[in-house]
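Student: I have a model open and I want to learn how to read it. Where do we begin?

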Amino acid sequence: MQIKEVARQLNTTTRTIRFYEEKGLIHPIKQENEYRIFTEEDLVRISTILALREIGITINEIKQLLNDGSRSINSYLNIQRSALFEKWLELKDMIATIDQMLERSNDGQTEMSEILELSEHLKNLKSIRKSWEDKWNFDSQAVDYDQNLKMHGYHFNVHQDYTRALKRVVETIQLKKGDTCLDIGIGTGNLGSKFIAHGVNVIGIDQSKNMLHECKKKHPEIDTRNGHFLALPVMDHQIDGIVSSYALHHIEDEQKLMAFEEMDRVLKPEGEICMVDLMFQNKSHRKAVIDHFTNTGNKVAVYSIEDEYYADRSVLIDWFKTNDYQVETYTFNPILSMIYAKKQIEGGSNC
Ligand SMILES: C[S@@+](CC[C@H](N)C(=O)[O-])C[C@H]1O[C@@H](n2cnc3c(N)ncnc32)[C@H](O)[C@@H]1O
């Protein structure tokens with residue numbers, strides 16, 4: 001088939017096809033008269049490239065994808081979806097800021113300082129969303145993660161009540177057959193997978209592609225998605241329940257509040273959240289625990305606590321109450337708590 005016919009069939013231009021050839025994405029046969037001949041296989045490849053370009057994947061990424069047999073198209077689509085959700089949320093924030101600016105300027109008494117304040121707030125949101133980085137390198141922990149959970153005898157065993165805590169989450173959150181549940185920071189799937197037997201659809205979100213790979217290997221039924229606490233790859237109000245275990249303490253305090261806004265965005269009215277994580281009851285409890293470890297010479301414990309972002313449980317409770325959730329907590333040990341929150345229907349109460 002000649003280039004004009006290919007362009008016609010795929011609803012594109014000959015220029016685009018030549019550009020893909022220049023970039024080394026396609027290799028049509030060149031005849032002696034310099035005319036290019038395209039096979040059926042070339043046609044499939046070009047339509048794949050066009051589809052990937054349509055969803056914003058760059059030429060270089062497409063080249064890697066087409067030349068690297070080890071990575072599936074799914075993994076690229078997954079990464080792309082997560083990036084687009086991040087952009088979408090950024091755009092939503094921008095539109096909300098413009099709305100607020102317009103609202104204030106419509107009353108004719110706007111001070112320039114108010115507009116600047118709103119734009120500063122927007123800048124701040126962007127920087128919170130972008131500032132997270134994986135300083136623990138979870139990709140490198142994925143293969144041995146489950147094995148390491150079983151190890152005992154550490155100076156400071158953060159997984160001391162792991163099995164009990166996950167079980168309690170499953171018993172607390174009220175999910176039924178056909179519901180959709182998000183497990184954020186799913187890791188290798190130890191919590192999310194417990195809902196599959198109950199007929200719940202589980203979406204597992206993690207920022208680590210290797211954790212997601214391990215999770216999918218163990219639990220093919222889980223819909224694994226690249227994503228982030230601060231930009232969940234899910235549309236608004238689609239989710240019945242959100243669970244998370246041992247993940248929240250990897251994001252800073254102000255990021256936690258943004259993560260809650262995100263959970264609230266994707267949750268259906270009356271949705272539930274149940275998280276188990278390393279946290280303190282409040283500031284003075286944190287001080288008392290750290291003082292205890294310092295006085296008993298447990299440097300490992302002090303280092304571990306200070307290397308991560310254990311929540312102040314009282315701040316989390318406040319956020320949920322202010323945002324119309326009914327909240328309950330459960331303490332497993334001095335550093336491990338569960339927090340359960342159920343969104344209340346507007347104008348009513350489900351206590
Ligand atoms: C200690 S593991 C816990 C895994 C699993 N939930 C469990 O209980 O065994 C923490 C997981 O959270 C993920 N994680 C950490 N920060 C995250 C973030 N900001 N967004 C999404 N996932 C995150 C890590 O990649 C890792 O898989």
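Tutor: Start with one cut-off. Buried means under 20% relative accessible area, and exposed means over 50%. Partly exposed is what falls in between. Keep in mind that this is a predicted model.

Student: Is Y246 buried or exposed?

Tutor: Y246 has a relative accessible area of 7%, so it is buried. Its place is in the loop between strand 6 and helix 11 (253–266).

Student: What is the phi of Y246?

Tutor: First, the general idea. Most residues other than glycine have a negative phi. Now the case here. Y246 is not a glycine, yet its phi is positive, near 55 degrees.

Student: What about the phi of H237?

Tutor: H237 is not a glycine either, and its phi is positive at about 50 degrees. Look for H237 in the loop between strand 5 (223–226) and strand 6 (239–245).

Student: Why does H237 count as partly exposed?

Tutor: Apply the cut-offs again. H237 has 46% relative accessibility, so it counts as partly exposed.

Student: Which helix holds I305?

Tutor: I305 lies in helix 13, which covers residues 299–307. Its relative accessibility is 0%, so I305 counts as buried. I305 and L149 are 156 residues apart along the chain, and 18 Å separates their C-alpha atoms.

Student: Now the whole chain. How many helices and strands does the protein chain have?

Tutor: The protein chain has 14 helices and 10 strands. Its C-alpha trace spans about 85 × 65 × 45 Å along the principal axes. Of its 351 residues, 45% are buried.

Student: Next, the ligand. Where does the ligand sit?

Tutor: The ligand sits in the largest pocket. Around the ligand are 19 residues, and the closest are Y162, G185, D206, Q207 and S245. By type, the shell divides into 10 nonpolar, 8 polar and 1 charged.

Student: How much of the ligand's accessible area does the protein cover?

Tutor: On its own, the ligand has 600 Å² of accessible area. The protein covers 98% of that.

Notes. Residues are numbered from 1 along each chain as its sequence is written. This is a predicted model: local features need pLDDT of at least 70, side-chain atom pairs count only at pLDDT 80 or more; totals for chains, interfaces and linings use all residues. Side-chain values use heavy atoms; hydrogens and water are left out. A residue is near a molecule or strand if one of its heavy atoms lies within 4 Å of it. Accessible areas come from the Shrake-Rupley method with a 1.4 Å probe; for residues, only the protein chains shown count as cover. On a 1 Å grid over the protein atoms alone, a cavity is a set of points where a 1.4 Å probe fits but cannot get out, and a pocket is an open set with protein on both sides within 12 Å along at least five of seven lines; lining residues have an atom within 4 Å of a point. A molecule sits in a cavity or pocket if more than half of its atoms lie within 2 Å of its grid points. Ala, Val, Leu, Ile, Met, Phe, Trp, Tyr, Cys and Pro count as nonpolar, Asp, Glu, Lys and Arg as charged, and the others, Gly among them, as polar. Helices (H or I, at least four residues) and strands (E, at least two) are DSSP runs, numbered from the N terminus. Buried means under 20% relative accessible area, exposed over 50%, partly exposed in between (1.4 Å probe, protein chains only).
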